[in-house]
Amino acid sequence: MIKKQFFQAARAADAAELLQLERRSRHMMTGRLLLFFAAVFAFAAGWDTDSTAFYILSVLLVLAFILLLRQHNRLQEEILRTESHQDVLEQYLARFDGSWSAFEETGERYLSDDNPQGADLNLFGRSSLYQYLCAAHTKGGRDRLAAALSPIPGDTREIRQRQQAVHELMKRPELLLQLQTLSNFMDDGHDTDPLLKSLKSEGSRPKTALQYAAWVLTAVSWLSASAALAGAVSWTIPGLCFSLQFAVALAAYSHHNAFFQPLFHLDQELELYGRLFSRLKDETFSALMLQSFSTRLEKECSAAGSI
């Protein structure tokens, strides 16, 4: 069992590191401000004196500003990771002092009349076993934990393999902390099913008259523009076509916005999953369940990388 002192020491180390990072961040902000004004003054001096040296100096100062800006952005990411790590440590310490019952994720949605044992055995709900154990951020992870806490006995072999996996992971607290630190950047209860269903339904949905009109208008607009360039028609015709095309685009804006909304943060989410999977691929496990998961992960990541 991981002792409370381990988490307290890690929290103190994070607090000290965060102070240093924030101090460096303030220094970089000051440096960015000085470089910006120095670049402006150098450019102004070059303009007034018509001196090439001042222009070159202003360009060098701008390059230094951009370089410092990138370093500052990386430092800000490091600060966010440290703060996320602190948050994970606070959650573990809450399980020692009893304040874990204030966690927002209680698992109440898994209570049902068909499964009264969930309430009788205090498996789900406020101050339940689920609330104490849950560290999952995705809907899928929470569903898996809820299924594992079923009062109906499952396969004995699978239960023992899960116990072996938990026992091995408890010996690697740093790995667990790193994984949870990364998962903190995901939206709470993140679920990919709505996005996949939306893409699937959109692909099988018949085309609307508005979509056909947009295609026809695009073709007509460019054909009329080509004819206008050749002097065959007046520019009024392509102007009207492009104006009408713009009106159709405005009419379809709300539909397109609703469809692409799930994709706006997809790149960041995929990057987070990639970092999580990469961290797990670096580990060698002895528990059969963890070995099976690692093998499947490596195979699927290799297949995705070859696409």
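Select residues 4–49, which form helix 1: at 1.5 Å a residue its 46 residues should span 68 Å, and the end C-alpha atoms lie 67 Å apart, which agrees. The expected span is 1.5 Å times one less than the number of residues. Helices here are DSSP runs of H or I, at least four residues, and strands are runs of E, at least two, numbered from the N terminus.

This is a predicted model, where local features need pLDDT of at least 70, side-chain atom pairs count only at pLDDT 80 or more, and totals for chains, interfaces and linings use all residues. Residues are numbered from 1 along each chain as its sequence is written, and side-chain values use heavy atoms, without hydrogens and water.

Next, click Asp50. This residue sits just after helix 1 and takes a positive phi of about 55 degrees.

Helix 1 and helix 2 pack at about 165 degrees, with axes 7 Å apart. The angle runs from 0 to 180 degrees between N-to-C directions, and axes are lines fitted to C-alpha atoms over the stretch in contact. The two helices are therefore roughly antiparallel (over 145 degrees).

Zoom out to the whole protein chain. It has 13 helices and zero strands.

Finish with contacts (heavy atoms within 4.5 Å). Among those in the protein chain between residues at least 6 apart in sequence, 68% join residues at least 24 apart.

Terms used. Angles under 35 degrees count as roughly parallel, over 145 as roughly antiparallel, 65 to 115 as roughly perpendicular and the rest as oblique.
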